[in-house]
Amino acid sequence: MWRSACGLSVRAAERAIHRKCSRRLYSHNAAKPPQSTPALRTQAEKERRRRDKEKAILSSQHNNVEDQGMKWSEKERIAYRVPTPPGEKKDTTVPFPSSYSPEYVETSWYQWWEKEGFFTPEINDRLPHAVNHSFSMCIPPPNVTGTLHLGHALTVAIEDALVRWRRMQGYKVLWVPGCDHAGIATQTVVERRLFRERGKRRQDLSREEFLKEVWTWKKEKGEEIYHQLRELGASLDWSRACFTMDPGFSSAVTEAFVRLCDSGLIYRSEGLVNWSCALESAISDIEVDSKQLSGRTLLSVPGYQNRVEFGTMVTFSYPIDGQDGEVAVSTTRPETMLGDVAIAVHPEDPRYQAVHGKQCRHPFTDRLLPIITDTMVDMELGTGAVKVTPAHDHTDFLLSQRHSLPRLTVIGGDGTMTPLCGQWLEGVKRFDAREQVIDALTEKMLFRGRRDHAMSLPVCSRSGDVIEPLLKKQWFVRCGEMAQRAIQAVDEGQLEIIPHFYTKTWSSWLSNISDWCISRQLWWGHQIPAYRVTLPDSTDTQEEFWVWGRSEEEARERAAGKYGVTADTITLTQDPDVLDTWFSSGLFPFAMLGWPQQTSDLRQFYPNTILETGSDLIFFWVARMVMLGTELTGQLPFKQVLLHSLVRDKHGRKMSKSLGNVIDPLDVISGISLERLQEKVKEGNLDPRESMVAMEAQRKDFPKGIPECGTDALRFALCSYKAQGEDISLSVSQVLSCRHFCNKMWQTVRFTLGVLEDRGDELGTVEQTSPLNSMDQWVCSRLYSTVLQCEQGFERYELHSVTAALHSFWLHSLCDIYLECIKPVLSQDSGAGGLGQIDTVHTGRGSQREKQEVRAVLYHCVSVSLALLSPFMPFLTEELWQRLYLLRGEGGDSAVASLCLQPYPQSSQLAHWHFPQEEADFTLVQEVVRVARSLRAQCGMTKEKPDMWAVCSPSQAQILLHFGPAVRTLGRITKLHLHCPQGAGSLSFPSAPPPPKGSAVGVVDHSCQLHLNVQGGVNVGKLSLQLSQRREKLLSKLEQSLSRTRVPNYLQKVPERVRIETENKISALEQELRNIEEQLSALQGPPKHNSGQK
């Protein structure tokens, strides 16, 4: 059931096209128009884009940015060698490996988590921080036949992050795994295996024998999906795993069918369905793929030795009976003309005014076809006359209802022509009959031509067969009233759909919903619990009597009461069909909890808290769950629906097995060679061109294969994309970047463990730790702000903002800044000199108290960050946290001594770490360091630590004084001199003398400039060139800024805030230009002999 599909609006348009088979002859202003013309334009554009993408892949051009991002070398694989029985806790007392290795990190943890029951709601009773709230969710049950791809991995990453976050918050969490029996897909797979291994078809076995084969296959292969979910770290409660063919779930399906029949919402009727002749079954809309044809195309069709022609429009004429004249009609399916029962024209079409009410004579059956008028016909398209074939076309079926026309089935369920066609066509395959019909029309001189025609061809995704609309007696669900309640639930705020822009789509689709055909002509699935009744002494074999029941005994009792006969005189025959897989999957939110029994799980966890799934399933699955759940339980099945976008490949193509661009998440986790990737494409039995495109895309995207990235990197990368919005073009280079981040985390914890050594007992709690110096306060405040961002991001389900905040804090705030600043403090060899007028502020060598404070702040920053990252990176954070946990020597309940059960950090607990002024002031420090480093690079100073003057305002000088050690360490300078040309009297320290002439100058902002004292060793020519180039760029920027101030009515139109910002920018640019001019003058002055040296 769980599969990626194309957008629903597109698919709906495609179905409309198919219903007229691209004849494009109906009016768009008529009732229920098929809207084929704009849809065809959309399809043509879609086809053009697809061809462009293929052309780009097959061209010699490479994406340079991507190629650079994917440059990688094979990393050393480190294995965890300690003998650890499955389910036992991993030994983290062994030496800490020198580098990060996903294989080492991800070993043993999941088995321990699962064995200890950490993923069950019952663990909540043992959590000291448990709260009186529950959180429940079901995973979209994947097909038992399938394997997960990166689109599924996105679902798992998002859902598991939410689940782990709530569990750490103390919620009683239930996340139920499940697997869908996937009726058509599974039956197809087993039939192929049966024929391959034993040379037998399904029909060679009894139904019971075949179902036994299916269950055997399920036991052998059905666990592959669960293995992938475990590898992805999904914290599912496996003790409650649910398969849709389990006895309990099957009972729920039967109960639902019986209740819906009793309430009149399920009925039996004759209607048109999507039919696969290869499967000999009706199929659901989601199992119909649309193949875009730009014109005449030869395609392979199951059951045909030669390829079949599609993408052409045939025109032929019907002679008018009793008079001279004819009516020409056009169709892409001439074989269906044997089932024509009328010709329709628009009542206002002047060409056909004289033939209203006349009849045409069918050339092969001698049947008279009335010429009817209907406003649905578009007289501007084609000939303006439409052949009406009610038994093989959805729109024609509607016409037959409006005009009381007969419905003649001329194509059987096996795809051959029926006896109604006459002996010359009876038993002929439909597409062979197509050519015979054209030949016969030509012979009778009624053929008028054939031309190329762009169209959308519906194809069965399971069999590759061309879909045939057929008239069948089936079971249907009345959806009208249930759909209105689903619309009302959203309109009244009882059900929230996120993102909210889907609300309009939800309402529009459900407002125009059709009744749902739930019959499938299969053996594998839930056999419909309805029974055909044969009454005693009954002679009418055409009339059908049906009853339903939870068992045959109940059905017999119902039949006896309904028809007034004794039970033992009735013969019951159960409907051999099975229910649509979407019917059973629509019951999942409550059937998985034991419904219809009032189980404790159902009472506690229903309705579910949220449903998270791909946006492509909003109608096929989500809407049906809402309708069925509300009807059968009296409650909405969940309170919120969170929809994520589809995952596409780097070239923007939907990930699809038919395109060969599906990537197995396990290949990203463990790595895979290019050769093996290409072997997988060859194993997929793709169309030769698709195979060529897929393999060329792989050669370009993964010339050396895919590197080992690990589960944590994959999950973190997936959650880093904005999932609610445009489709995601996933790049493996982004996952590789996250693997580098994992290594950064690894090295940070290695450093932390080395700093702490055996001093873990000296560390207090977060509450007991109060940072005193400037950098400790800054990093603690940054961590507080990060926790706040995580809280807000999780609450809004914006996981990309959470991952961005965590990545920024760990990489930039913690590693790039704080760790570099504390290294001199922790070093025993640091000197105390060289601070200029800041010597009294910081000794440069950490006192024991200062070192102890730094250690405590470092430990808690790392520990809290690991907890924040745990929902996204469960394996790595557990491995690192356990080593810190051992260092502290903390006792407690060993069963819950796991990071995944620790309290999720809360901003309220870190309120004493909030120093907003420190964070605000440090932005100046960061700019000063950036400019200082730029100046050093300009002057080619890689090792020297020159003196630096900051010419700034008194307030800026105070900030730089406060953060003096950080400026010196990060800017790699020896002394920092603070010179205030104005307001020096307000300083708490004496202002330094002005900077020396000839210094390299950089501008921080309009009131702060840096002067780097350059003492020889500078390449004058190179520096002059750099300054000249910089001057040209600044002049261009200055002109752009000045031009904005020259617009008419500038003062009136532009807000004061924006004007002030512009003026400050202009002032800073002018100041930097003056500084550059001064530097160039100094460089061009004496000594003259240097100017000629290169």
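## Exercises on a predicted model

E270 is a residue of strand β5, which spans residues 266–276, where strands (E, at least two residues) and helices (H or I, at least four) are DSSP runs numbered from the N terminus. The model is a predicted one, in which local features need pLDDT of at least 70 and side-chain atom pairs count only at pLDDT 80 or more, while totals for chains, interfaces and linings use all residues. Residues are numbered from 1 along each chain as its sequence is written, and side-chain values use heavy atoms, with hydrogens and water left out.

**Exercise 1. Describe the surroundings of E270 and the sheet to which β5 belongs.**

Start with accessibility, for which buried means under 20% relative accessible area, exposed over 50% and partly exposed in between (1.4 Å probe, protein chains only). E270 counts as partly exposed because its relative accessibility is 37%.

Next, look for contacts, meaning heavy atoms within 4.5 Å. When residues up to four places away in sequence are not counted, E270 touches F397, L471, K472 and K473. The C-alpha atoms of E270 and K472 are separated by 5.3 Å, although these residues lie 202 residues apart along the chain.

Then turn to the sheet, remembering that two strands pair if DSSP finds at least two bridges between them. In general, strands of a sheet pair through backbone hydrogen bonds, either parallel or antiparallel. Here four strands form an open sheet in the order β6-β5-β18-β20, with antiparallel pairing. Since β6 (281–282) and β20 (516–517) each have a single partner strand, they stand at the edges, and one side of each is left without a neighbour in the sheet. Between β5 and β6 there are two bridges in the antiparallel sense, and W275 has A282 in β6 as its bridge partner.

**Exercise 2. Work out the strand order of the three-strand open sheet and find the helix that packs on it.**

The order is β11-β10-β16, and the pairing is antiparallel. At the edges are β11 (326–331) and β16 (447–452), each of which pairs on one side only. From one strand to the next, the twist averages 20°, with axes taken as lines fitted to C-alpha atoms, for helices over the stretch in contact, and angles running from 0 to 180 degrees between N-to-C directions.

Strand β10 (residues 312–319) is joined to the antiparallel β16 by five bridges, and V314 has R450 in β16 as its bridge partner. The helix that packs on this sheet is α12 (residues 430–443), which touches β10 and β16 and whose direction makes about 135° with that of β16.

**Exercise 3. Decide how many residues of β17 are buried, and identify the residue opposite V288.**

Strand β17 covers residues 455–460, and six of its six residues are buried. Taking the faces in turn, M455, L457 and V459 are buried on one side, and S456, P458 and C460 are buried on the other. Strand β7 (residues 288–293) runs antiparallel to β17 and is joined to it by six bridges; across this pairing, V288 stands opposite C460.
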